[in-house]
Amino acid sequence: MELFTGVTIDWLGKKWYFLAFSLLFSVSGIISMGIHFARTGSPVPLGVDFKGGTEVQVTFTETPDVNQVRNATNAAGLHDVKIVSYDVPSKHELLISLPEQSDVNVDSSRKQILDALHQHYNNPILESSVQAVGPTVGRQLEKQAGLATLYSLVGMLVYLWFRFELIYGVAAVVAVFHDTLITVGAFALTGQEISLTVIAAILTLVGYSMNDTIVVFDRIRENLRISRREGLADVVNRSINQTLSRTVLTSGLTFLTVLALYIFGGKVLSGFSFALVVGILIGTYSSIAVAAPMLVAYQDWRMKRGKAATLPAAKRSR
Amino acid sequence: MKKNLNGKIALILGTLLVFLYGIFGIPKGVSGAALEQAITQRIHLGLDLRGGAHLILQVVVKDAINAETDNTVARIEQAMADNHLTYTQVLKPDPNTPQTIRIEGVDPLHSSAVSSELTDRFGTEYDIASNSNDHSFTLTMKPSVLADLESRTLDQSIETIRDRVDRLGVSEPVIQRYGLGANEILVELPGVEDLDRIKDIIQSTSRLEVHEVAGNPDGYASEQEAMTSLGGAIPPDEYLVHGDPQGVSSDGSDRVFLLKRVSIVGGRDFRDASAIGPNDSGRQGVNFVLTNAGGQRFYDYTSSHVGSYMAIVLGDRVKNVAVIKSAIRDNGQIEGQFSKEQIDALSLTLRTGALPASIIPIEQRTVGASLGADSIRQGVIAAIAGTLAVMFFMLLYYRGAGINADLALFLNLVILLGFMGFSQSTLTLPGIAGVILTIGMGVDSNVLIFERIREEMRAGKGAAQAVDQGFAHAWVTIVDTHVTTIVSAAILFMFGTGPVKGFAVTLFFGLLANLFTAVFVSRVIFDSHLNNMKAGARISI
């Protein structure tokens, strides 16, 4: 069975559509982050991991009435309590959370919540999980996860600079950044919280998108070596078309795995797999529609300034 | 031309065996249960998957600095007295910078003698400055000594906590420095769900100390009354402590005591404590035992202070005030209302040595074992479903060559898990994300190679040559994609903690394994297939 052999799509001819599409999503991502920032002071909904606070997952013996639970916490003088029913109704679970607290006693909120519940429910209530994070730790974690990601992007850029040319590294990193922006924007848009596992998913999509981009770049480098006379736009088009069947296949298969995770993975993994579902679609798109056209745009720009016409493509090959 | 592949096949089988050992060790049997047990011994699951408690503790190193400089204050007073040097007082002027000590009102005639005495005794640990205007000396702990003290405090706290956790019987705990903030300790306790009791014991400073009573041995009714009787100011070497209502007053009311700041014995001077039965008045007590050095000091003090009062302070509360009737050497008793749990905890904390500083939990998570099991089950089901779907599709799309890809993928997972077993790494939920990316890139490597072989065949090349060229071209791409991602995984591993690190570990090992399976193993399978083919036949791809 073979798909996509001998396709001759003029990808670069569609670059304005791509640009419009990317802008539409990036900008709507930025806007929804902006709105979220204006409302809550952080650009995306953050999980307790980052913003600090207490989150208690409680299992009741029968399906709890959210309003009744809220009455219980209100009576105990707890304000800003967030109560959501968790996972499938048959498990009788609720997720009860309180916002940021002081570093002095991270455990007090959990005790307050449970005391409030015990006063109104005589039947045994089980805590299946508790997270209590002081604001300092959250900030440290946020900073550290951000820095680690930044350093790893720089590391990849340097490697690509060494193997290809600086512009390839820049284009790949821009594409990855584009993917991350849109994915994070999707979290702001849908109001899902970014937790530590979501960060792992974003790192995954960075790796994935990078992989995809390099495959196309490698082909461009190879083709540039074979046919020196052809214009860069044609070479890029041909390279994308030649790798298209691989791109579609790999993305399709990875998408399949991630979709399985999204469907069967349950509530714990939902944010994680949501990031991957969005990320893989965008990551595949960006290799073709963002990274490759950037190479051509860069060369056009150089030519306008009267510099060397051909992209100094391949430093070496083996 | 046929290639001799025996060496390569032996290498692959050897690798398979080595990494299977990495996963299973030498299992006790081949039944499902025995294998499962073997795996769980080798592959460590993170708390998010197996359930347990996770704590980040902040060590208040200021406590340890305070204790150290309190001790120095005592030594300075001793040194001044030994040399008959006159001064008004030795004090620590600012509670926020406990590393600074001031000696005030030094007799100008003694100034140079004081200076040389201080330099002699304390010059290695403190920077000494003198002020001739107000005849004072200031000792500030040297930054290197301070840093060393902080580091030692942290190490000692970790040691003490580990000792306590071990005695509580928690298996496979993780207790280590936490890299993100200053003076933080990460504690992971697998399988622990009821954190309250354990946390109390872990963070119990239970600073059992004996102080000299400076003011009224019966205490004062309130801090205000104490202040009034002192003329409005507390002397700098003394401080006020509230009494434990059930220990010190007959009617259960609050009492405040004025004590000397520097303890007679305390902290690590104690060796053990045990409960003693209710006495005539129905009160439960604690019997304590001092170390040899502590006992000697206690003896020296008590023998020269018969008739004075001493206060026994536990956790910032005066438990008891007693008159010194005779010299005491190395054991004594504390009366008071103690519960069984309190005494057990006290005994355990004294036996493991006191913490050098108090400890504040700044992050706390517990994952119920059932929730952990749920996420494992769901994660594994999803991963298996995804992998099977991918494998099935590869067979469908690449027919014969699909078997190559599936074998390579399988071997990849074996090597990855084997690495995890050998390196004692921990598999976490984000780690599973790394596995997913690995599977994705593993499949991608195969797709790259196969598509390239197909291209070469379309260009009219023979089977052997097409395979050769396909691998040669795809190899360049595969190296680039893998090295890029390995670089990023290595950086994430170095700079990341917790989940970021967990992701980096599996990704790093997975990609190394992938370079081997997708390129080398898959090639050997192709070659062995080509060896068995008639000349001119087409390969199934």
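Helix axes are taken here as lines fitted to C-alpha atoms over the stretch in contact, with angles running from 0 to 180 degrees between N-to-C directions. The structure is a predicted model, in which local features need pLDDT of at least 70 and side-chain atom pairs count only at pLDDT 80 or more, whereas totals for chains, interfaces and linings use all residues. Residues are numbered from 1 along each chain as its sequence is written, while chains are lettered from A and ligands numbered from 1 in the order in which they are written.

In chain A, helix H1 (residues 15-40) packs against helix H6 (residues 166-190) at an angle of about 45°, their axes being 8 Å apart; helices (H or I, at least four residues) and strands (E, at least two) are DSSP runs numbered from the N terminus. H1(A) and H6(A) are therefore oblique to each other, given that angles under 35 degrees count as roughly parallel, over 145 as roughly antiparallel, 65 to 115 as roughly perpendicular and the rest as oblique. The crossing of H1(A) past H6(A) is left-handed (the near helix is turned anticlockwise from the far one by less than a right angle; clockwise would be right-handed). Residues of H1(A) that meet H6(A) include Phe25(A), Gly29(A) and Met33(A), and those contributed by H6(A) include Leu181(A), Gly185(A) and Leu189(A); contact requires C-beta atoms, placed from the backbone, to lie within 7 Å. By class, this contact has nine nonpolar, eight polar and no charged residues (Ala, Val, Leu, Ile, Met, Phe, Trp, Tyr, Cys and Pro count as nonpolar, Asp, Glu, Lys and Arg as charged, and the others, Gly among them, as polar).

The contact between the chains takes 60 residues from chain A and 60 residues from chain B. On the side of chain A, H5(A) gives the most, with 15 residues. The classes on that side are 33 nonpolar, 20 polar and seven charged residues. Strand S4(A) is joined by five bridges to strand S18 (residues 359-367) of chain B, and the two run antiparallel; strands pair if DSSP finds at least two bridges between them. Within this pairing, Ser129(A) has Val367(B) as its bridge partner.

Chain B also holds an open, antiparallel sheet of four strands in the order S12-S9-S15-S16. Strands S12 (265-266) and S16 (317-323) stand at the edges with a single partner strand each, so one side of each is left without a neighbour in the sheet. Five bridges join S9(B) (residues 208-212) to S15(B) (residues 309-314), where Leu208(B) is partnered by Leu314(B).

Definitions and conventions. Contact = placed C-beta atoms within 7 Å.
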